[in-house]
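The paragraphs that follow lead through one structure, from its sheets to its ligand shell and then to a few single residues. Please keep the sequence and the model side by side while reading.

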Amino acid sequence: MKANEEPIIEVTDLVRTFGDRAVLDDISFNVHRGETLVIMGGSGCGKSTLLRHMIGSMQPTSGSVKLFGEEITTMKEHEIIRVRQRFGMLFQSGALLASLTVGENVALPLLQHTDKSVDEVEEIVKQKLQMVGLTGFENLKPDEISGGMKKRVGLARALALDPELLFSDEPTSGLDPIMTAVVDQLTLKLTHGTHMTAVVVSHDMTSAFRIATRMIMLGHGNIVAQGTPDEIRTSSNPEVQQFINGEADGPVPLNLSQEEHQHHRHVKPRPLFGARHRFHHKTP
Ligand SMILES: Nc1ncnc2c1ncn2[C@@H]1O[C@H](COP(=O)(O)OP(=O)(O)OP(=O)(O)O)[C@@H](O)[C@H]1O
Ligand SMILES: [Mg+2]
């Protein structure tokens, strides 16, 4: 990283509320070229929400997100499409199109954003699937492959345009330890070899410490801790220690506090048992 180089991502004073609950409550950080930033934190703390703001698919309540020096929170859809060609995104669910084959899913960004020939697209699809250990799976549908395989197809698709920036939401969840290592090696190779920048959400501490150059832990809508993997490992913050050591007892509560539940009141209640007909169309 050159000292005077502009950050690739600048998140400044980002606030996002749902109802009256601030899921992201004044978050600021930068990401520089070549970094692998791992974002961690408990389930429901706002990691995926933060990523959605970073790719311009959600609008913040207030604050700014700049990608490659451009403000994306106020961009029009057609301008965001231009910026989207410079990064790849692996969604937590994989987000594959069920009606398309594995190969067609990976080909999609190439068909949408380039004028490559069918032969060239096929070659790239083959190469990307090989990178994630899925050679020969082109013609299966998403329903015909496992959860971990869907994740890897999602990764192959995110890498289809050789992005300079990759966002991955839980890339290794559902993968066995060997496949986790394969995906981690791939991230390391891409960030070292071609200076790709990566922002990875991960619960998997082995994987996180293997790939991160910097880590951010989210909690209570804020950044609880940030630093190099060594700084995080030796952090004196008990929340960080509880999280990275996977301990059930500690300062991180298991359930939402009652106060946080109150904040969910904006969600319209839907009677669970009054709606039997939703499950049983014929009642005797
Ligand atoms: N569109 C939405 N409308 C209302 N609330 C939302 C919306 N999107 C997210 N939330 C709320 O924001 C909070 C954070 O959700 P998010 O998906 O970002 O969590 P996460 O940290 O990615 O969790 P996990 O580790 O389980 O994937 C949750 O309480 C969720 O209910
Ligand atoms: Mg999530």
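Two strands are said to pair if DSSP finds at least two bridges between them, and the strands themselves (E, at least two residues), like the helices (H or I, at least four residues), are DSSP runs numbered from the N terminus. This is a predicted model, in which local features need pLDDT of at least 70 and side-chain atom pairs count only at pLDDT 80 or more, while totals for chains, interfaces and linings use all residues. Residues are numbered from 1 along each chain as its sequence is written, and chains are lettered from A and ligands numbered from 1 in the order in which they are written.

One open sheet consists of four strands in the order 2-1-4-5, with antiparallel pairing. Its edges are formed by strand 2 (21-31) and strand 5 (70-71), each of which pairs on one side only. Within this sheet, strand 1 (residues 9-18) and strand 4 (residues 62-67) are joined in the antiparallel sense over five bridges, and valine 15 has serine 62 in strand 4 as its bridge partner. Helix 1 packs on the sheet and touches strand 1, strand 2 and strand 4, its direction making about 125 degrees with that of strand 1. Contact here requires C-beta atoms, placed from the backbone, that lie within 7 Å of each other; axes are lines fitted to C-alpha atoms, for helices over the stretch in contact, and angles run from 0 to 180 degrees between N-to-C directions.

The other open sheet to consider has six strands in the order 6-7-8-3-9-10, with mixed pairing. Strand 6 (87-90) and strand 10 (222-227) stand at its edges, and because each has a single partner strand, one side of each is left without a neighbour in the sheet. From one strand to the next, the twist averages 15 degrees. Strand 7 (residues 165-169) pairs with strand 8 (residues 197-201) in the parallel sense over five bridges, and phenylalanine 167 stands opposite valine 199 in strand 8. Helix 5 (residues 147-158) lies across strand 6 and strand 7, running at about 170 degrees to strand 6.

Which residues are around ligand 1? With a residue counted as near if its C-beta atom, placed from the backbone, lies within 6 Å of the molecule, they are Phe18, Val23, Gly41, Ser43, Gly44, Cys45, Gly46, Lys47, Ser48, Thr49 and Gln92. Helix 1 (residues 47-54) gives the most to this shell, with three residues.

Some single residues remain. Most residues other than glycine have a negative phi. Phenylalanine 68, in the loop between strand 4 and strand 5, has a positive phi near 50 degrees, and histidine 220, in the loop between strand 9 (214-219) and strand 10, has a positive phi near 55 degrees. A residue is buried if 20 or more other C-beta atoms lie within 10 Å of its own, exposed if 12 or fewer, and partly exposed in between, with C-beta atoms placed from the backbone. Phenylalanine 68 is partly exposed because 16 other C-beta atoms lie within 10 Å, and histidine 220 is partly exposed with 15.

Asparagine 30, found in strand 2, is partly exposed because 14 other C-beta atoms lie within 10 Å. Leaving aside residues up to four places away in sequence, asparagine 30 touches Pro7, Ile9 and Glu10. The C-alpha atoms of asparagine 30 and isoleucine 8 are separated by 7.6 Å, although these residues are 22 residues apart along the chain.

Terms used. Contact = placed C-beta atoms within 7 Å.
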